[in-house]
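Please keep the sequence and the coordinates at hand while reading.

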Amino acid sequence: MAGTAGGVMAADALVRTGQPVQVETFAEWREAARELLVHGIPPDQVTWGVPHMGDLLAGSDLFTGAPAAAEAPHNPSIPPPDEPKNEPLRPAPHIPRSLMEMLQSAACCRVPDRWAFLYRVIWRWQQGEHDVQSPADEDGARLNAMVKAVRREEHDMHAYIRFRERPEEAGPPRFVAWYEPRHDVLPQVADHFVSRMGKVSWMIATPEASVLWDGHTLHNTGPLVRDAADLEDTGEALWLTYYRSVFNPARLNTNVMHQHIQSDRWKNLPEAKIVPHMVSEAALGARKVGQYEAVGQRKGTTIPIAPEDAQPERQQPSKLDECRRCELWQFATQAVGGEGPRRAKIMFVGEQPGDQEDLAGQPFVGPAGKLLDRVCEAAGVDRDTIYVTNAVKHFKWEPRGKRRLHKTPAQREIEACYYWLDKELASVKPTVIVALGATALKSVLRTANVTLKNSLGKPLRHEGHWVVTTYHPSYVLRVPGEDAKREAFNTMVEGLKLAHELLDRPGDVPDA
């Protein structure tokens, strides 16, 4: 802030004297904004500047021929600025942590009016306009966009910084990097590399500032390097050799490559020296095999054949853990087989293992399994007399943050597990199969042309077994509303009672 004979002039005093409030860091802005809010000074009365730059509008064409405000001669016809009145001060502003973190992040965004904009946001919040933090508000949308731009720049800087190793005899820093960030994210990025690089010394240089880590302390200083050409790297040739060896021209997609890495990022990447040449070579190679596309478009004769008959003869796995009949094994912790008496009269067939089953290696040990225990108890059936298994033996999931969420198996994955369900049916020889849900029903009946709704409460014969359909326990857990949960639970109880009654029904009914 502007200096006076008595030291540093307060922000509110600067505004009253018509001078810009000069800040360079977020901490300085926060202190100045606090003073302005306490004195109730609205945003339209504040001009923000940067040290050594002055007012952002000073000297612009908008004031052609007019001297800067600080150098304007005294005009006796203009009264001097009002002396500060002894007005009661407002209470110190209370800003929630979430908003303060957004302001601190947005302060790193290089836009000319960032300090004025941030003060307008905090002023509106202090006036009770709390929707200023929402993306639906005009200022809130801009604030969120600035935060997003800064976070993206932090991510890019983590990804695109390339440390170059210096000769050991040159002394510290051992590794150096050059980067040209779009926003002021060097301090937080430096903290990231402090936690990753251990005690080895390094330096990150940018056009505006530099940070040095000596293994114990992080030092912030001004620019020390002009550009990437000032940095030496004895291992760069080895890196480029490795990069060439892993480059696959057959999978090259230049459009995607440019979408993922913008053009201004390439110039400081070591591999940028060889990428254009490799792309050119890939294009030349593509011309040699360009005729393959036309050949592939020619119409041929269609030979009707079932997909399973077209598969070559393969040795089938003898153990479930060795199963590679579909791709699900690559993403699951382990295969989960069935459990229960080897001559059980009732077999439960579910959809697939869940997250807890995948980790434990046992079926129905999570929340769905506990609900299944309650269903058996309500139906008066001993749970230990039932064999439980799943149509699909590997957990199919998709990531959602730190969680693995269930994903419905595809028909080809259900068909791949017919092999294992057939082995279980042949071994256990149940009288009644209870299909828990649509996926299990499709697997048991070997068809996708069946619905759960049309099968509830309607037993049928299939390949020598009675088949009863009911809900999967997970449906009862996730269906909204207590009445709906109760109805679904009772449907499961009635289905299990029906399965128990079918044990005494003659089995000479023809298959459906």
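## Enclosed space

A cavity is a set of grid points where a 1.4 Å probe fits but cannot get out, and its lining residues are those with an atom within 4 Å of a point. The model examined here is predicted, and the search for cavities of 30 Å³ or more returns a count of one. About 30 Å³ of space lies in the largest cavity.

Which residues line the largest cavity? The lining is made up of Phe348, Leu372, Val375, Val434, Leu436, Thr470, Met492, Gly495 and Leu496. At least two lining residues come from each of helix H14, strand S15 (432-436) and helix H19 (482-501), and H19 gives the most, with three residues.

Helix H14 spans residues 367-379 and includes Gly369. Is Gly369 buried or exposed? Its relative accessibility is 1%, and therefore Gly369 counts as buried, the cut-off for that class being under 20%. Gly369 and Glu357 are twelve residues apart along the chain, and their C-alpha atoms are separated by 9.5 Å.

Strands of a sheet pair through backbone hydrogen bonds, in either a parallel or an antiparallel manner. In this model, five strands form an open sheet with mixed pairing, and their order is S6-S7-S8-S9-S10. Strand S6 (164-165) and strand S10 (218-221) stand at the edges of the sheet, and because each has a single partner strand, one side of each is left without a neighbour in the sheet.

Glu165 has Phe175, in S7, as its bridge partner. Helix H6 (residues 186-197) lies across strand S8 (202-205), strand S9 (210-213) and S10, and H6 runs at about 160° to S8.

## Cysteines

How many disulfides does the structure hold? The number is zero. For Cys108, which is in no disulfide, the nearest cysteine sulfur is that of Cys109, at a distance of 8.8 Å, whereas a disulfide would need the two sulfur atoms to be within 2.5 Å.

Cys108 has a relative accessibility of 13% and so counts as buried. Cys376 also counts as buried, because its relative accessibility is 1%.

How values were computed. Residues are numbered from 1 along each chain as its sequence is written. This is a predicted model: local features need pLDDT of at least 70, side-chain atom pairs count only at pLDDT 80 or more; totals for chains, interfaces and linings use all residues. Side-chain values use heavy atoms; hydrogens and water are left out. Buried means under 20% relative accessible area, exposed over 50%, partly exposed in between (1.4 Å probe, protein chains only). Two strands pair if DSSP finds at least two bridges between them. Helices (H or I, at least four residues) and strands (E, at least two) are DSSP runs, numbered from the N terminus. Contact means heavy atoms within 4.5 Å. Axes are lines fitted to C-alpha atoms, for helices over the stretch in contact, and angles run from 0 to 180 degrees between N-to-C directions. On a 1 Å grid over the protein atoms alone, a cavity is a set of points where a 1.4 Å probe fits but cannot get out, and a pocket is an open set with protein on both sides within 12 Å along at least five of seven lines; lining residues have an atom within 4 Å of a point. Grid points are joined across faces, edges and corners, and a volume is the space filled by probe spheres set on the points.
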